Amino acid sequence: MTTLKSDFLRTLQERGYIHQCTDMEGLDAKALGGPIVAYIGFDCTADSLHVGSLMQIMILRWLQKTGHKPVVLMGGGTTKIGDPSFRDESRPLLDDAAIQRNMDGIKTVFAKYLIFGDGPTDAVMVNNADWLDALHYIPFLRDIGRHFTINRMMSFESVKIRLDREQPLTFLEFNYMILQAYDFMELSRRIGCALQMGGSDQWGNIVNGVELTRRVDGKEVFGLTSPLLTTASGAKMGKTAAGAVWLNADKFSPYEFWQYWRNTEDADVGRFLRLFTELPLDEVARLEALEGAGINEAKKVLATEVTALAHGRAAAGEAAETARRTFEQGAAAEGLPTVEVPRAELEAGLALVDLFVTAGLTASKGETKRKIKEAALKLNDATVTDEAAKATVSDLNADGAIKLSFGKKKHALVKAV
């Protein structure tokens, strides 16, 4: 392992964030010389980021905590094309209004993790539509496009995989890597940006930007990637049976978020504590060494620390207390995910195969039926055994709610309105 001298790279290496770097020694020396301006790009394909983006957000946070300047690049321009990297098909094209709505939703996430302002290490947010929308395409192709060979572009894994699977790659998408490279050069010119970071699937795009900036402007800039993250069992981060694990509280409640991390596989606890919390590494080592029931305590620490960063310490504490009451006391605690149904429908009787889906505990009627056969679903802590069973007003408890459970860890409340 390379001995790194800068706090920034040493921290990233120790906590497991580094996959590849275009010039590790050069970047380490530059980081020792003063604040580096570095960016990560986020396209606006949804109105919230999800857990799959959390590693990149944490890297920007550590960048700032170790004395450097983070730049959050909003892809208001590149979203109009869609990144084809390691995708089997084209992304749906979004109009300007949809992109703006998504951007507005995404922006709220970063205020939780970064300090924005005008200081030398304060974070800034920029939008690549500011320069990409103004490009004159023919001059752009003449001045920038000539630095990219089709041979080289075809050699990137992200392109080869799409073609090997005989999935179409449109000319529009093919331009994405040129525009991302241009972003790096533009940020270098505008605000002195010297480093682009991203997931390992962005390596080819990042290298393009490093080479373009060197060829056109004669500047030395750097690229750094993090490993693509999967769970120990091979599942992709940020997804559950019910959908994405969003970072915005209005799309995924702090309690659900806490529960997601509480349900971490045993083999992932230490790695996730290093990547997604700021706990000292000796404390991480202590927690990941726990065995038996002790590993569950480590998972609670993980869940609380990650939730505190995303939603605040108070929300994390409330989620942990809700879980304690629910699991340790069997109470239908306030703070559980809650869905509302019309009282008239409940009086007529609502099929449980539908209600578990509505509550987000199962993904489909079919899954609900399978879980009933496996005795995995409960209504008010009683195991559901009949696929045709219905919930009615008689199932409402003293708090005016019905408690639904999937296993021991997933719960929701149904209230009549």
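Let me start at helix α7, which covers residues 150-155 and contains Ile-150. Helices here are DSSP runs of H or I with at least four residues, strands are runs of E with at least two, and both are numbered from the N terminus. This is a predicted model, in which local features need pLDDT of at least 70 and side-chain atom pairs count only at pLDDT 80 or more, while totals for chains, interfaces and linings use all residues. Residues are numbered from 1 along each chain as its sequence is written, and side-chain values use heavy atoms, without hydrogens and water.

Ile-150 has 49% relative accessibility, so it counts as partly exposed. Buried means under 20% relative accessible area, exposed means over 50%, and partly exposed is in between, with a 1.4 Å probe and protein chains only.

What does β6 pair with? Strands pair if DSSP finds at least two bridges between them. β5 runs parallel to β6, with five bridges, and Met-197 has Leu-224 as its bridge partner. β1, residues 20-21, runs antiparallel to β6, with two bridges; there, Cys-21 stands opposite Leu-224.

Ser-200 is buried, at 18% relative accessible area. Leaving aside residues up to four places away in sequence, Ser-200 touches His-19, Thr-225, Ser-226, Pro-227 and Leu-228, where contact means heavy atoms within 4.5 Å.

Now the charged pairs. The whole structure has 18 salt bridges, each being a side-chain nitrogen of Lys or Arg within 4 Å of a carboxyl oxygen of Asp or Glu. One of them joins Glu-278 and Arg-61, with the closest N and O atoms 2.3 Å apart. Glu-278 is in the loop between α13 (269-276) and α14 (281-288), and Arg-61 is in helix α3 (residues 54-65), so the pair ties together parts 217 residues apart in sequence. Arg-61 is buried at 16%, whereas Glu-278 is partly exposed at 25%.

Another salt bridge links Arg-189 and Asp-217, at 2.8 Å from N to O. Arg-189 belongs to helix α10 (residues 176-191) and Asp-217 to helix α11, so this pair ties together parts 28 residues apart in sequence.
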